[in-house]
Amino acid sequence: MLRERRLYRAPAVSALHSLAERSVNYAPVTGSRVPTWNARWHIDYLRQPLAREPAGAPVRGGAWEIACRLVRDYQFAEPAILRALYRSDAPLLGRDMLLEGRFAGLRFDMGVRVTSVTDETHGSGAWESRVWGWAYRTLEGHLEQGELAYQVVKRLRTGAVEFRITGHSRRAPLPNPVVRTGFAVFGRWTQHRFYHASARRLQWLLRAELEGAPPLAAAALPGYDNVVLAPTPRR
């Protein structure tokens, strides 16, 4: 129980605040350059159909808007693998997040920063889509280096709403041999499990709200009005 509640404690909040002093822990891929396997990058892509609403612009209070809110608040994340602390009073762009990763029975704190937000229409004709989402990059002290993006997409022609996860990552230099070995064995497996479990969780939460369940709202950490622990448990 103490391990489950470790993010509720003052040291975790202090660790979150200290992220402001940390930098991205790699040289980001920019311009026309793309991540490649021969540079040791793992390239990831996942697409999860979520729901369908009337064709055209997103419906107010509909599937696309609900999914965007759940993604914005990090409610979609699979809590058995990743939980996060962040300040609710900070803008999404530039938000620092302290992630608690869980694998092989261990807990690891990893800092990330939201470095881009997408809110636009892509494509034309049958492929015209409304896209909203955000991406983060890893900070110093993270077990990995790289960027991960979450997007909610509505196909305007058909009304289909889907969730996309894209990213590139590679293992950061890890001086501890035990952690290095454990991450080499379990890291990618846990990463893939997180992607698929989180996409299923978002689909489940979205359908629950569409069927009348109360919205899953971000909850402040007890004693810290502006610090949120996400995801919020669904009872």
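This dialogue goes through several features of a predicted model.

Me: How many helices and strands does the protein chain have, and in which order do the elements run?

Reply: Helices (H or I, at least four residues) and strands (E, at least two) are DSSP runs, numbered from the N terminus. Here the protein chain has three helices and nine strands. Their order from the N terminus is α-β-α-β-β-β-β-β-β-α-β-β.

Me: Is Ile81 buried or exposed?

Reply: Buried means under 20% relative accessible area, exposed over 50%, and partly exposed in between (1.4 Å probe, protein chains only). Ile81 has 3% relative accessibility and therefore counts as buried. Ile81 lies in the loop between α2 (63–72) and β2 (82–87). In the protein chain, buried residues make up 48% of the 235 residues.

Me: Which residues are in contact with Ile81, leaving aside its neighbours within four places in sequence?

Reply: Contact means heavy atoms within 4.5 Å. With those neighbours left aside, the residues in contact with Ile81 include Glu100, Arg102 and Phe194. Ile81 and Ser198 stand 117 residues apart in sequence, and their C-alpha atoms are 9.4 Å apart in space.

Me: Where is Gln145 found, and which backbone oxygen does its side chain reach?

Reply: Gln145 belongs to strand β6 (residues 144–155). Its relative accessible area is 11%, so Gln145 is buried. The side chain of Gln145 reaches the backbone oxygen of Asn25 at 3.1 Å.

Me: How many cavities of 30 Å³ or more does the structure hold?

Reply: Rolling a probe the size of a water molecule over the atoms shows where empty space is left. On a 1 Å grid over the protein atoms alone, a cavity is a set of points where a 1.4 Å probe fits but cannot get out, and lining residues have an atom within 4 Å of a point. Grid points are joined across faces, edges and corners, and a volume is the space filled by probe spheres set on the points. The structure holds one cavity of 30 Å³ or more. The largest cavity has a volume of about 340 Å³. Of its 26 lining residues, those closest to the centre are Leu82, Met110, His142, Glu144 and Gln191. The largest share of the lining, six residues, comes from α3.

Note on methods
Residues are numbered from 1 along each chain as its sequence is written. This is a predicted model: local features need pLDDT of at least 70, side-chain atom pairs count only at pLDDT 80 or more; totals for chains, interfaces and linings use all residues. Side-chain values use heavy atoms; hydrogens and water are left out. A polar contact is a pair of N or O atoms within 3.5 Å; within protein, one must be able to donate a hydrogen and the other to accept it, and residues adjacent in sequence count only if both atoms are side-chain atoms. On a 1 Å grid over the protein atoms alone, a cavity is a set of points where a 1.4 Å probe fits but cannot get out, and a pocket is an open set with protein on both sides within 12 Å along at least five of seven lines; lining residues have an atom within 4 Å of a point.
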